[in-house]
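Morning, everyone. Please have the model open.

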Amino acid sequence: MGQYDGLVGVGSDPETQMLFLFELIEALHLHQEEEGEEAQDRRWNADDDDGNGDDEALPTSPLIEVATLTNVLVHAYYCPTTMLLVLRAMNALFDTDPAFAMDPSLNVHVVETVLCAAMSLHDTDTTEQALRWSRALARDRPSWVLLSGAAYLFLSTLHGSHLATKKRVLELAVRAANVDASPEHATALLAMADTIVIEYANDPDPTLAGLALQWTTDALMLVFVTDHSYLAAFAHDTAVLSFWRDAFPRWSHAQQRSILGYLEYLVPVFSDSMLSAWCEIFTAYCFAPASNNAPTLAYYDMKAAAIAVLTKVAALRDTSVVPRAPYEPEWSCSECTMLQPMAYTFCGVCGAPRVPTHFEMQQQEWLIRKLRYDQVLAGHMTPTLSNDDARVGTLAPRIAPLFAEPIGFFLEYEAQEMALLLGLPLYMQLLDPADGPGWHRVCLVLGILRVTGRHDDWVADQIAQLQANLKEPHLLVRHGLMAGELSHPLFALVAQLSRDNDVHYHDTLYAAIDDACVTEPPTLYEMTASGLFSWLLPRSKTAPWLPRAVDIQQFASEFTFAPVDGHWHETLLRLRLRRPDGVVDVSAHPLLSVQHVLLAVKQLPSAKKDNDAFLADVTLTGALLPPVDSSEALGYLLAGGRICAPSDSVLVAALTASPSDLYATMVALDVVETEVPPTAPAAWLRALDALAVLPRLTQTFGTMAQEEWRQLSRVVPEAVAAILHVQPTAVPLALRSSFFLGSKAERKTREEISGRTSITVMRDGLASDKTWATVPPSSVLYVSFDGEAGHGVGPTTEFYTLLARAFTAPTLRLWRDLDAPLFPAPHHPALEGSSDALQAFETLGRALGRAFLDGYSLDLRVSPSFLKLLQGKALVWDDMLEVDASLYHSMQRLSTFEDMASLGLYFNLPGVDKYPLCDQGCDRPVTCANRDEYVTLVKDHVLRVSIAGPVAALRRGFATCMPVHTWQYFTPAEWQMLLHCDLPWTRDELQRGLCCSAGYAWETDQIQWLVEVLVTLSAFERGQFLLFVTGSPCLPLAGWSALGLTVVPVSSATDASLPSCNTCQKYLKLPRYSSRDVLAAKLRTAFTEGQAYFALD
C-alpha cells in the first residue's frame, strides 16, 4: 500500500480528500522528474509499442495504488473537482509508466464512468484529462475504448479544439483501431469513419491529416478480414473512398502509392461509378507523362501499383460489379427488437419509445447495412474465369481503350522485373487478338525477361500459350522465342558488311541497312543475332534504337554488389600496397581517403617482400586520422587497371580490385607516382548526344543509391559510370545530385559513423581563415561565427555563402569579368600575384568539394566554358563568344584587316600587357606577315595555356574532398543550376513549399499576404529573403517543394514586431500583422537589416 492510499480512499472527508489529491499529484510529478531523461525515454518508447502487458509484471508506485484511485473515481464521478483531481493523478501515474493502465481494477464500467463525466460535467479541463486517460488506456485495452464509444464521442465533440487536443483525439482513434477482427469492432469502426474523414482528414496540419489517413487504412484492413459485407459497406456508405479520390491529386507520391496498395482490397466490392472514377484517377495521375521530363523512382512505382489494381479490375465480370444496397435508416426497438423507420418515435409493434443512445444507434445502423450487403453480395459473387478466353464477360474490354497503350509502353520501355511479371498477363488480357503491334510488344517483353535467365519456367508457359493462340506465330521466331528461319534482310546486309573490306562501300551498306530497318523494323533479337549490334558499337555508329538497347542491357545485367553487411563500417580493410621497394600492409577504415593511406605509407622507412604473410605495418581508423598536406605529391593507387584519386575512399579501391573477396583476403593495390589515363568508355556512347532519361537505368541507379555503403563511398558499377560520364542525363538530375553531391540523409549517416567537427570563424576574416580546410573529409564540418549563439546547419549554410563571396572579391583578381559568369583571368608566371592566384583557386576547389561532400553548395555563377574545362574537355573558339564577345569579334575582324601597323599590336595577350605569347613577345610587333601566327597564339593561350594553371589548381583542391570525375556526372548547364539557381516564384510553387503550422493555414490572411509579397520580389530581394530564412541565397535544386519552409505565428506579437527565423529547421516566425502593407514592410526590413548575425541557439 502506498503512503497516500489511506488518505484519499473512499470514506475520507471530501475536503481532506481533495487536499491530499493535490499533494499526490505534485508528488507524482516530482517522482517523475527524479527519474531522469533516460527513464523518460524508456516510457515514450514503451508508449509507442503495441504492448503486451498481460504477460508482464505490473508496476507499483510507492505513493498510491491504481485501485485506490479507481475506487474514488467510480464513487465520486458526480463531483467535478474530485473527478478532475483523480483523473490528473491517474494520468500522472500513466506518465510515470504506461503499464499502470493494465491494472486489473480498470474495466469497461470505469471507462463508461469517465466518459459520462467527460461528456456531462461540461468542464474543459475534465474533458482534456479524460481524453489523456482514454488515450493511455487505449494502448493496451483498445477494445474497451472502441466499444464504449469513447473514441467516437471524443472525435465528434472535440474536432473544433486546438491542434494539440485534436492530435491526441486522433492518436486515441488510431489506437482504438488496433483491435482484433470481429463484427462488433467492425461496426464500431464504420460508425466512426465519416467523423474522421469529414472533421479531420482535410485538416491543413499535415500531422493531423496523416493520422486521419492512417486511421482509414487501419480500419479498412480490420473490416477486410472481418467480412466482405462490411467491406462493401465501408466502400459504399462511408466517405472514406470519396475522400481518397478527392485527396489523391494533392498527396505525395508515397501516400498515393500506399493508397493504391489498399485499393486492391476494395476492388471486389466496387460499384460501376467507383470503377469509372478511379479509372480517371489512374489515367490522370498514374499513367500521365512525367512533369518536366524528369521522372522519379516514385513515378515508375506508381505505374506498377496501378497495374496491380487494374489486374483485379480486369478480372471482374460485369455481373460482379456491386451496386449500392437499398437502405433507409432504421432503429431497432429495445423491447421487441423490430426495425422501425427513423421517423417513428415509438415502436409500431409494441409501442415502446425510442431511447436514443447515439453511438449504440450508430452501430445498430451499420449492422442493418451489413445485412443489406449480405443479400447484395450473395447475388454478385465473382465466378471463376475459364482459361479459354479471359476476356469473355470481364471488364477487360471496357478498360482496354484507356489503359492498353500506356501499360504496353510502360512494359516495353520502363518496367522492372516484378512489374513485367505482373503487368504482362494484364496487357495480354487487354489486347485485341487482331492487334499486331501489341502482340509484337508482348513477344519483345517476353524476350527481355528471357534474357535474364531468372524466369525460364514462367516464360516457357507464356510462350506455349502464345503458340496456341497467336495469329502470327512467326513473331515468336523473330523475337528468338521459338526456333525457326530468320528472314529479315538485315542478316544478308550485315554479313556482306563483315565480308567487304572496302570502307567506302560500307556507307552504301549502312544506307541499305537504314532503309531495310525503316521498311520492316527489326526486333532487338534480330539486331543482335544478325551481328549488327556488335558491329556498330565499337565503330562509333549510332541508330535510333541504341538508347533502348542500352537500357534493356541495364535491366538484364545483374550488378555485383559488394559483400558488405550492416557492420561494414566497423571492419577494417586489409590492404597490401605494392611500392617499388616492396610492399606495405595497411589496416584501414573503409571511409578513409586514399590520400590518408598514401601519406601514412610514405612515412614508413622501408617495405617488406610480397611473399610475406599479411601483418599490418600501420593501422588507420576513422577516429585517428593522420594530418594531410595537400601540397605534397603523394601519388595514386592503381586498382584493377583503374586509377583511384586521393579523394577516393579506400573502399572504392578495394571494390575495384577485389569486389567478391572484400573481407575474405587482403586486397593488393599498386602505388604509382603519376596518374594513369583512365580507360575511355565505349566510343559509340559518345554518338548519343540526344540520349534522354533511360527509365530502367534510372530505377537500377535509384535502387543502388539507397544502399548506405554506396551513399558514403559514391561507388557505382563501371557500366553505369561509363554511361553517366558520357551522357549524364540518362539518369534524372535530382537523383544524381543527391547521390554524387551529398544530401541531408547522407550527411547524417556520415556523422553517425565518423563524427562531426565544429569550428568557429570570424565573419570578417573568411578569406584568410583556413581552419575549415584542415578538417578531414571523413568528418562532417559544422561552422559557427565568433560571438554568435547560433550553430548547426543554418550558420554552416551561410558560411559557404560568405565564402563564395570572398572568392569573388575584386582584390583577388581571379576572374576575367566579375559582372559576367565566372571565367578565370589569364595566368602567367610573369604576372604579379600569380602564385597567390593559383593557391586561391586550389582553396576554392577544396571549398567546393567540402561543400558538396556535406550536402551544401557555393553560390557561384560559373561560365559554361569554365565548367567544360573542369570536366577535362577542351574549348573551341566559339566558346569564347559567351566568355568575352568583344575579344571574339576582334579576332574575327583581325583575320581580314590589312593595315596591321596602324593598330600597334604586339605579341602579348590582348588586355594583359605583361603576358607574352612567345619569347620576347612584348617587344615583337604584329604585322600582316605574322598576323595569322598572332591570331593562332591568342586563341591557344586564351582557350588553353593562360587558364591551364587555375583549372588544374581548382581540380587539385576539389580532389582532396571529392573524386575529380564528379565533374563529369553533370552537364555544364546542370552545374550552373546546382551552383546558382534563381528563377521567379509562382503561387503554385509557394503553395507546394510553404508549410503552415501552429494556427496558420493556407487560407489565413497573413499567409495569403505573404505569398502576394514573395511573388513580387525582385531577383536581389529573393536572394536576400532566402539568405534570411535558410542561410543560402538560392533555392534547392527541386525548388520550393524541397525547401519546406514552415511558417508559424508569434504569440503576443504586434504590428511593431519583426519576423524572425530558424535557419537550421527552416522556420519563419511571422506575427499576425493587421494588413498586407504592414507585413510587406516588416518582412523587407527583416531580410534586409536582419542579416549577418545568429542571435539564438
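**Aromatic pairs and ring contacts**

Phe 739 is buried, at 4% relative accessibility. Buried here means under 20% relative accessible area, exposed means over 50%, and partly exposed is in between (1.4 Å probe, protein chains only). Phe 701 is buried too, at 1%.

A word on the source. This is a predicted model: local features need pLDDT of at least 70, side-chain atom pairs count only at pLDDT 80 or more, and totals for chains, interfaces and linings use all residues. Residues are numbered from 1 along each chain as its sequence is written, and side-chain values use heavy atoms, leaving out hydrogens and water.

Now the pairs. The whole structure holds 25 aromatic pairs. Phe 701 and Phe 739 form an edge-to-face pair, because their ring centres are 5.3 Å apart and their planes stand at 75°. The pair joins distant parts of the chain: Phe 701 is in helix α31 (695–705) and Phe 739 in helix α34 (733–740), 38 residues apart. Helices are DSSP runs (H or I, at least four residues), numbered from the N terminus. Rings of Phe, Tyr and Trp (its six-membered ring) pair if their centres lie within 6.5 Å; planes under 30 degrees apart are stacked, over 60 edge-to-face, the rest tilted.

Next, charges over rings (NZ of Lys or CZ of Arg within 6 Å of the ring centre and within 35 degrees of the ring normal). Arg 924 has its charged end over Phe 907, 4.1 Å from the ring centre. Arg 574 lies over the face of Phe 614, at 5.7 Å.

Last, the backbone. Arg 813 is not a glycine, yet its phi is positive, about 55°. Arg 813 sits in the loop between α36 (793–807) and α37 (834–853). Is Arg 813 buried or exposed? Exposed, at 56% relative accessible area.

Notes: Helix = DSSP H or I, 4+ residues; strand = E, 2+ residues; numbered from the N terminus.
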